[in-house]
Amino acid sequence: MSLEIDGVTKRYGATLALDGLSFSVPRGRIFGFLGANGAGKTTTMRICLGILRADAGQARWNGAATTDLPRRTFGYLPEERGLYPRMTVIDQLVYFARLYGEPADAARRNAHHWLDRFRIPDYADRRAEELSKGNQQKVQFIAAILHGPDVLLMDEPFTGLDPVNLSLLRDAFVELRDAGRTIVFSTHQMEAAEALCESLAIVDHGRLVAGGTLGELKRTSRARTVRLGVEGEILPTWLAGIDGVAAVRPAAGFTELELRPGTEPRDVLSAALARGALVNHFEVAEPSLEAIFIEHVGRPSDVEDPPPIDQEHAA
Amino acid sequence: MARHDPLLPNAAIVARREYVDRVRSKLYRISTLVLMALAVGVALTPIALRYFDRARVDEIGVITADDDLAAATVATANGIMNIPPPGADPKEWTPPYAIGRLLDRELAVSDLAAGRLDAIIEVGRLADGTLQVTYRTNGPADGVKAQLAGFTALSVAILDWTSSLPPGSQLGTFRTPAFNTESLVGPVENGQAVDAVQVASRGFLGTVFIILMFITILIYGMWVATGVAAEKSSRVMELMISAASPRQLLVGKVIGIGGAGLTQYLAIALPVVLVLAFQDQIARAILGAGGAGLPTGGLTLGLLAAYGLFFLLGFALFALIYAAVGSFVSRPDDLQTLSLPLSLVAMAGYLCALVVLLGSAGTFARLTSLVPPLSPFSMLARLMVSTVQPWEVALSIGVLVATIGLVAAATIRIYATGVLLYGQRPGIRAFIAAAWRAH
C-alpha cells in the first residue's frame, strides 16, 4: 500500500523535466519531496494528479495508475496560491468540496470544523480578498483536505506562514497522518522537513539523487556538521571562508558549519586555531538535512536550478 | 481503464458558480437595468418622434405667376402629401401640410429664411415650355418630403400636358395610383408572399437583430475569455484543474457565463419585444388612428425563435473559442490583442448578414448561411428578408452543431494545455500544437 513513482519521464520540448524518476511513499507517512526550483517536483505532483501525462513510466496508488482513480483520492495544495477573490470563504470551500463529490451539507460542517481548528471561524463569511495571505493559505489547505483524500500532495505548504500558523499546519499534518492519510510535500525549509518527515526523496534535474528514511539518509551521508564556538565573537563570519565549509548557520553560543564531502572536522578546527581564534566549543554533530541536500545537489535548496524559470510550465 | 469524469454534476456545479457570480454582481445588475431602459427607449423612439411631431403642420408655399398652374399645384400637392392613413377618421385627422399660394416671392423667401415657412414649391416655365419645379427649404431637405414634392411636380406636369387635349375632352380628378413592390425571392408567410411594407419592416428588424447578435456574442464571449484568464491569473485554476476535468470546467464555464448573458439579454429583449409586438397598439393609443404602420411589422414568433436558436448556437461556437483564447493568456490585459482576430471573424459574419439584408439572394447568401461561423448571422438575415427552404435551415443548423462539437473537442485540449502555461506569449503555432497533442 503505497504511492509509487515508477520510471516517470516528462519532456517539455527540448527540456527534460523528469528523467526516469522512481521512488515510493509508504501509506500513512509524512513524506518530504525535496529539490531545488525547477528540479521536477511540481511536474511529478501534476503527473500524480493526472493534470499532466507522463511521456514514460507511471504513478500508482495501491497498485492502480493514479490517472484511473477518482479525483477525490487526492488533495492538492499547489505552489501557486489562489482563491476566488469575491467569493466568501465558506462558499468556496463548499464549492471545491462539491467538485470532489462531497455533499454540500457535510462539506459545510467540515469546513466550519477546520476553520475553527485554524482559528479563523469568523472569516467564514468574508470574501477571500479581505483575508491576509497567511489566512488565504490556510483556507487553501482546508480546500485541499475537505473531501478526505487518501493522499495529500502539497507544493511548498509552509511558504509565507508565520511561526504560529506554521505550527498549526504542522499539527494538522500529524493529525491527518494519524488518521491514515499519506502526506507528500515539497519545501525549501529543511528544518520543517527534518522535523516532520519520516521519509524523503531528493531530486535534482528530474532524477532521484537520494531517498529513504531520515535516519537512513543521515547514516549514509558523507556530509559533516560541526558546531564551533569562538570566545568574544558572536558572528564569526570568517568561518565561511575556511576551505571545505559549504554553509554557515549562527546558533545560540556557537556557529553550525556544513562541511563539503571529504572535509574532515579536524581540518576546520585546525584552520580556526591557525587563525588565532579562541575556540571554546567544538562538536561534530549528525549531518543536518540541509547538509545532506547540499551533499547530493551541490547547492542549497533555495538556489535556482540553471534551466529557465518556467521550464515546468513550458509546453 | 481511464479516470471516469462524467460531465455532470461538476459541469453544472461550475456553471452555477459562474452564473451566480456574475448575476449577483452590482455591475451586472446596474448594466442590465441601464441597457433595458435604453433598449425600451430605442424601441419607443419612432412613436416618440411621431408623438412630438403629431401637432406639427408644415407650412408650404406655392409660388408661380400662372394662376392655373398655382391652383393645379396646390390641389395636386394636397392630394399627394395630405393622404389620411388607413383607418384614420377624416373629421379628427389633421393634415400634416398646410399648402397655399403665396404671391410675394421676396416675402416668402424671407419667411423661409426666418423659419416662418417650412418650404417653397416654386413653379415656372422654361423657354421651350417645359415646367420647372423647385422645392426650396431652409437647410437640408427631408428625404420623404422632397420625394413627395417630386411626385407633385410630376403630377402637375402630367396635368399641364393633358390640358392640351382637344376642347371638350373630359378628364377626372387626378388620383394617386396604388403602388406595390414584389420580389420573386421575398419572404413567404403561410404560403403567401409577405407584402412590401412588411419586407421593409423585416429588413429594419433584421438589421436590429444582426447588430444585437454581433454585439452580444462579442460581449458575452469576452466574458468567457476574461473569466478563464482571471482564474488563471489569480492562480485559482491550479486548484480547479485538480478538482475537475478540463471538459467539465470548460462546458460549465460556457454554460454558466452564457446563461448570465442570456439572462441579461432576455431582461433587455423581452420588454423590447413586447414594445415592438404591441407597437401599433401603443402608437394608436398615443397618436390616434394615424399612428399605426410603424416599421416593425412582420415580427413573428417563428422569427423570434430563429433568432434565439441562431444566437445560442453562434454564442456556443464563439464562446468555446474565446475560452481557449482566455486559457492561453497569463494576464487579462493580453486578451484584447489575442481576441482581435476572433472579433474580426464575428465582424465578417455581421457584414455578410448586412449584404444579405441589402438584397443579396444568390450563391453568396446561400453559401455564407451554411458555413460556420458566418452562418448564424447570414442564415438569420436570409430568414428575415427572403424565402429559405426548410432543408437549408436544417442543413445550416446541422453543420453548425457539428462544428460546435469539433471546436469543443479541440478547445478542451487547448484549454487543458493553456491553463498551465504561464509567462509565455501565446502564438497561433502554440494553439495548433495544443489542439493536436494531448497535454
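**Figure 1. Pairing of strands β6 and β7 in chain A.** Strand β6(A) runs parallel to strand β7 (residues 151-155) of chain A, and the two are joined over 4 bridges. Within this pairing, Leu77(A) has Met154(A) of β7(A) as its bridge partner. The model shown here and in the other views is predicted.

**Figure 2. The sheet that holds β6 and β7 of chain A.** The two strands belong to an open sheet of 6 strands in chain A, in the order β6-β7-β8-β3-β9-β10. Pairing in this sheet is mixed. Its edge strands, β6 (74-77) and β10 (207-213) of chain A, each pair on one side only. From one strand to the next, the twist averages 15 degrees. Packed on the sheet is helix α5 (residues 163-178) of chain A, which touches β3 (30-35), β7 and β8 (182-186) of chain A. The direction of helix α5 makes about 145 degrees with that of β8(A).

Figure 3. Chain A contains 9 helices and 14 strands. Its radius of gyration is 22 Å, close to the 20 Å given by the globule rule for 315 residues, so chain A is as compact as a globular protein of that length. The C-alpha trace of chain A spans about 70 × 45 × 35 Å along its principal axes. The chain is divided into domain 1 (2-218) and domain 2 (224-286), and the C-alpha centres of these domains of chain A lie 37 Å apart. Of the 315 residues in chain A, 44% are buried. Among contacts in chain A between residues at least 6 apart in sequence, 72% link residues at least 24 apart.

**Figure 4. The largest nonpolar core and the surroundings of Ala323(B).** The largest nonpolar core has 167 residues, and those with the most contacts inside it are Leu93(A), Ala323(B) and Leu380(B). Helix α10 (residues 301-328) of chain B contributes the largest share of this core, 17 residues. Apart from neighbours within four places in sequence, Ala323(B) is in contact with Val224(B), Ala225(B), Val228(B), Leu250(B), Lys253(B), Val254(B), Thr411(B) and Tyr415(B).

**Figure 5. A second core, and chain B as a whole.** A separate core of 20 residues includes Val62(B), Ile63(B), Leu69(B) and Ala108(B). Chain B has 15 helices and 6 strands. Of its 439 residues, 38% count as buried. Among contacts in chain B between residues at least 6 apart in sequence, 76% join residues at least 24 apart.

Definitions and conventions. Residues are numbered from 1 along each chain as its sequence is written. Chains are lettered from A and ligands numbered from 1 in the order in which they are written. This is a predicted model: local features need pLDDT of at least 70, side-chain atom pairs count only at pLDDT 80 or more; totals for chains, interfaces and linings use all residues. Domain bounds come from an automatic or database domain assignment. A residue is buried if 20 or more other C-beta atoms lie within 10 Å of its own, exposed if 12 or fewer, and partly exposed in between; C-beta atoms are placed from the backbone. Two residues are in contact if their C-beta atoms, placed from the backbone, lie within 7 Å. Two strands pair if DSSP finds at least two bridges between them. Axes are lines fitted to C-alpha atoms, for helices over the stretch in contact, and angles run from 0 to 180 degrees between N-to-C directions. A nonpolar core is a set of buried Ala, Val, Leu, Ile, Met, Phe, Trp, Tyr and Cys residues joined through C-beta atoms within 7 Å. The radius of gyration is taken over C-alpha atoms; the globule rule is 2.2 Å times the number of residues to the power 0.38.
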